[in-house]
Amino acid sequence: MEESCCTCATLLKNILLQYDEKSEKPKALDRRLDCCGRVICGNCIANNRRFATYCPFCQVSTTPAPLPQGLRDLPSYTPPSSSKPSPPSQDPPAYSDELPLYSSLTSTQTPPPEKDSSSQSEDVLHFLDHEHDNLNSLSLRYGVPIAALRRANNITSDHLLLARRTILIPGEFYKAGVSLSPRPIEGEEEERRKSTVRRWMVACKVSEYDVALLYLKEVDYDLEAAIEAYKDDERWEKEHPIEANVKGKAKTRNDAGRRRFTGQRPC
């Protein structure tokens, strides 16, 4: 069986010894270890003179060394003693065949505290600049999640932002209460009213601007109340049909609710 060097794992017959240029003698000869019988080639000894007196496997040196002989087995580790007392062991509860009471299983849970609506800031109206504004930029500028912007403005897709002039910034997330967009010429309140009028006309499917103003001014531009008032008038019109004065002239859908303001229907 052919032997190899125990450090470089090269067959001994294939090793070319390194020779000294001046003396033309080998720098080091192969060494057979007395402790384990392995062989260290002369080239490894020439590159590391420690192998001439040391066995890297048995960790034994033939010359005096500062380290103790035979360090193959590492010293045992003893953890430091902690001054903190160990917690007492808790025994599991005793087993019982009796079923627990229903009242013990249904523990009363306190409801989470409700948010104080008075401390919440009002929504801010942002006037859009379609060349620079999008949902991502608005989310970064105001620190509002994109999902919250979509939910507050009923935007199901990002490209629907191009059809809007304004967008509401929810005060739940934006506490500063100041819009970061330039103000229009008419003013922020006027733009807010115009936006409410357009939303009412879309919700009620009414194309006449004057009718929208009548309903919104009556409830101080409360959108939900104005829509409910129009729906109520529309139901009343269906329950009390009025024939047209001129024969062949039918009542159109936009006539619903006008009698509230003309005195033909009590408010």
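How much space lies in the largest pocket? I find about 780 Å³ there, where a pocket is an open set of points on a 1 Å grid over the protein atoms alone, fitting a 1.4 Å probe, with protein on both sides within 12 Å along at least five of seven lines, and its volume is the space filled by probe spheres set on the points, joined across faces, edges and corners.

I note that this is a predicted model, in which local features need pLDDT of at least 70 and side-chain atom pairs pLDDT 80 or more, while totals for chains, interfaces and linings use all residues. Residues are numbered from 1 along each chain as its sequence is written, and side-chain values use heavy atoms, without hydrogens and water.

Next I looked up the lining (residues with an atom within 4 Å of a point): of its 26 residues, R164, S195, T196, R199 and L223 are the closest to the pocket's centre. The helix α5 (188-204) is among the elements that each supply at least two lining residues, and α5 gives the most, with nine; helices here are DSSP runs of H or I, at least four residues.

Turning to cysteines, I counted zero disulfides, a disulfide being a pair of cysteine sulfur atoms within 2.5 Å. For C35 the nearest cysteine sulfur, that of C55, is 3.5 Å away. The sulfur of C44 lies 3.3 Å from the closest one, in C41, which is too far for a bond. I also noted that C44 is buried at 13% relative accessibility (under 20%), whereas C35, at 43%, is partly exposed (between 20% and 50%, with a 1.4 Å probe and protein chains only).
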